[in-house]
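Here is a short walk through one structure, meant for someone who has not seen it before. It begins with the confidence of the model and then turns to the ligand.

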Amino acid sequence: MSTPMTAEQIARHVVAEAVWAPSVNNTQPWRFVVGRDQVGLHADTERRLEAADPDGREMMISCGAALFTARLALRSLGYIPQAQVLPDPGDPTLVARLSWPGRAAATEFERRLFSQVRRRRTHRGAFDPEPLPQGLLAALRGEAAKDGAALRIVADDGRRAALAAAVQSAERAQELDSSRVRELTRWTPAPGSACADGVPATSYPARPERTDPYFPGRDFARGHGWGLPPLSTALASRATGVVGLLTTAADESADWVNAGQALQRVLLIATAYGAAVALHSQPLELAWLREVIRTELSDAAYPHLVLRIGMVTQVAVSVRREPADVLSFSSGDGGDHAGPGRG
Ligand SMILES: Cc1cc2nc3c(=O)[nH]c(=O)nc-3n(C[C@H](O)[C@H](O)[C@H](O)COP(=O)(O)O)c2cc1C
């Protein structure tokens with residue numbers, strides 16, 4: 001076997017990949033502290049959405065997605081990751097301690113998933129009216145369950161329509177809520193901006209693509225006319241895609257982290273199959289509507305995200321902060337007692 005890598009080299013590789021995880025409004029609410037032989041993944045609470053995410057649930061889901069990506073990055077190097085989720089009750093923002101105690105070559109499947117980390121993009125809009133590849137939904141359901149979450153496919157027409165109506169009402173309510181609009185403004189830079197976070201205009205369509213039933217996207221452009229022009233002017237029929245809910249049986253911080261890990265698994269597998277996924281968290285950011293969805297549409301399991309899965313040619317471009325901006329070093333266990341350590 002080749003010369004073992006140092007903890008610093010391993011951590012730099014891991015963080016460079018983990019930053020490509022999805023996060024709500026691309027807030028990238030994470031920091032990584034590298035210790036002697038482990039990495040601490042911390043939630044960056046200054047990046048929590050105060051209006052949309054008062055409990056930090058979406059922040060922890062985002063960190064969970066980064067955790068799964070970090071685990072996969074360790075596998076890509078042939079290390080066996082060990083993750084302790086929320087290891088310190090005294091520090092609820094320490095999302096996980098990640099170490100790499102053993103070695104085993106990555107499997108073909110792990111390598112395939114890993115190769116999707118930087119290619120994967122959140123889709124916004126409609127899908128082509130093409131069926132999903134055979135076996136994809138079963139694979140997604142099976143993989144989501146590995147992290148203690150569930151992907152529930154909402155196949156019944158009435159239930160799909162009800163979920164679409166929930167997304168529509170939430171979107172309308174949020175567009176009228178001035179504190180949420182102000183918050184969204186902070187995370188939606190104008191075209192040409194050099195911002196390395198937030199949702200860039202290169203990642204959403206300029207005009208909503210209507211489908212039946214209709215799941216509206218967030219109003220990132222806020223009337224500015226920003227966004228990607230339509231790919232073609234042809235009036236091709238466009239599809240909603242397969243609709244699902246990502247849920248967990250309980251609703252504690254650890255469940256949120258697990259939902260995030262399951263989310264990233266689902267997204268990477270879908271990408272590996274050539275499919276794309278659209279995410280809608282608008283109705284789950286309103287407590288009363290989340291409760292309606294929980295009791296009426298998800299068998300009392302706690303819903304975290306509405307997903308639509310489909311086939312489409314993606315052109316979206318997203319942005320990320322430099323790994324060095326979220327990475328610092330400590331002489332100890334990856335706890336939070338180090339200053340920023342660039343370079
Ligand atoms: C918890 C969570 C909630 C999200 N909610 C939405 C949403 O409601 N609408 C949307 O378009 N994207 C949503 N996203 C996707 C993010 O906006 C996206 O991950 C981020 O902008 C980075 O872009 P990328 O996924 O293409 O890399 C969500 C992501 C997470 C992790």
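**The model and its ligand**

This is a predicted model. The protein chain has a mean pLDDT of 95, and 94% of its residues reach 70 or more. One stretch, residues 337-343, has a pLDDT below 50. Beyond near neighbours in sequence, residues 337-343 make 15 contacts in the model.

Now to the ligand. Around it are 23 residues, and those that come nearest are Arg121, Thr122, Arg124, Ser281 and Arg320. Two of these names return when individual atom pairs are considered. An N or O atom in the side chain of Thr122 is 2.5 Å from an oxygen atom of the ligand. For Arg320, a polar side-chain atom lies 2.7 Å from a ligand oxygen. Arg218 also takes part: between an N or O atom of the Arg218 side chain and an oxygen atom of the ligand, the distance is 3.2 Å.

How much of the ligand does the protein bury? Taken alone, the ligand exposes 620 Å², and 99% of that is buried by the protein.

The shell can also be sorted by where its residues sit in the fold. Helix 2, residues 57-76, and strand 7, residues 276-280, are the elements that give two or more residues to the shell around the ligand. Helix 2 supplies the largest share, with three residues.

Sorted by class instead, the shell consists of nine polar, eight nonpolar and six charged residues. Arg121, Arg124 and Arg320, named above among the residues that come nearest to the ligand, belong to the charged class.

Technical notes. Residues numbered from 1 in each chain as written. Predicted model: local features only at pLDDT ≥ 70, side-chain atom pairs only at ≥ 80, totals over all residues. Heavy atoms only, no water. Near = heavy atom within 4 Å. Polar contact = N/O pair within 3.5 Å; in protein donor to acceptor, adjacent residues only side chain to side chain. Areas by Shrake-Rupley, 256 points an atom, 1.4 Å probe, with all protein chains shown as cover. Helix = DSSP H or I, 4+ residues; strand = E, 2+ residues; numbered from the N terminus. pLDDT = per-residue confidence, 0-100. Contact = heavy atoms within 4.5 Å.
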